[in-house]
Amino acid sequence: MRNKYILVLAVALVAALGLVSCKSSGMAVTSRGQLLKINIHHPTDLPENGEDNLDVEISNRGVNNVQNVLVDVELPPQLIILDQTNGRGVQVTHDPGSNVYHFALGNIQPTETSQLRFRVRTAFGTMRETGSVKVTAWQKDVPGDHLVETAVIRLRS
């Protein structure tokens, strides 16, 4: 009998989570049990002309597949892109001279992470930090149809 109450409570919690699907700080929960997460791994600071990797990870931490995810990565002019790589199955488009990269991820299975890597060099000029690195993931089941995460890199003194 106790197991029956625990099961009913678990189902009620999952249903309530679906009704109040939300998004915050690079993570969104949908009514279909999907948990889409954006992480930007970057150095907190770099010297002028410093080089390092800036990694964007799109993860599914839910129980269902997340399908048809489109990702836009907008990089500030203070970051010079030396190289860009991504995992298998990811399609990328970039207009020469533009600071926006467009990615299409077909299907992200539960516990799977897709990584988009940029090798960057800083060119701060007179600024103390870069403009925002802005990552927007578009998916129809996410509240508001999109999820946004941002980051900045400071000038190392």
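Leaving aside its neighbours within four places in sequence, which residues is Asp55 in contact with? I looked them up and found Asn39, Ile40, His41, Gln115, Leu116 and Arg117. Contact here means heavy atoms within 4.5 Å.

Before going on, I noted that this is a predicted model, where local features need pLDDT of at least 70, side-chain atom pairs count only at pLDDT 80 or more, and totals for chains, interfaces and linings use all residues. Residues are numbered from 1 along each chain as its sequence is written, and side-chain values use heavy atoms, with hydrogens and water left out.

**Entry: Asp55.** I placed Asp55 in strand S5; strands (E, at least two residues) and helices (H or I, at least four) are DSSP runs numbered from the N terminus. Asp55 has a relative accessible area of 9%, so I count it as buried (under 20%; exposed is over 50%, partly exposed in between, with a 1.4 Å probe and protein chains only). Its side chain makes a polar contact with that of Arg117 at 2.6 Å. A polar contact is a pair of N or O atoms within 3.5 Å; within protein, one must be able to donate a hydrogen and the other to accept it, and residues adjacent in sequence count only if both atoms are side-chain atoms.

**Entry: the whole chain.** I found 1 helix and 13 strands. Of the 157 residues, 34% are buried.

**Entry: the core.** The largest nonpolar core holds 29 residues, and Phe103 is among those with the most contacts inside it, as are Leu54 and Ile58. Such a core is a set of buried Ala, Val, Leu, Ile, Met, Phe, Trp, Tyr and Cys residues joined through side-chain atoms within 4.5 Å. I also listed what Phe103 touches beyond four places in sequence, including Val71, Val73 and Phe118.

**Entry: a sheet.** I traced an open sheet of 5 strands in the order S8-S9-S6-S11-S12, with antiparallel pairing. Strands pair if DSSP finds at least two bridges between them. The edge strands are S8 (90-94) and S12, each pairing on one side only. S11 and S12 pair over 6 bridges, and I saw that Lys134 stands opposite Thr150 in S12.

**Entry: Leu155.** I found Leu155 in strand S13 (residues 154-155). Its C-alpha atom is separated by 5.3 Å from that of Arg128, 27 residues apart along the chain. Beyond four places in sequence, Leu155 touches Arg128 and others, including Phe124 and Met127.
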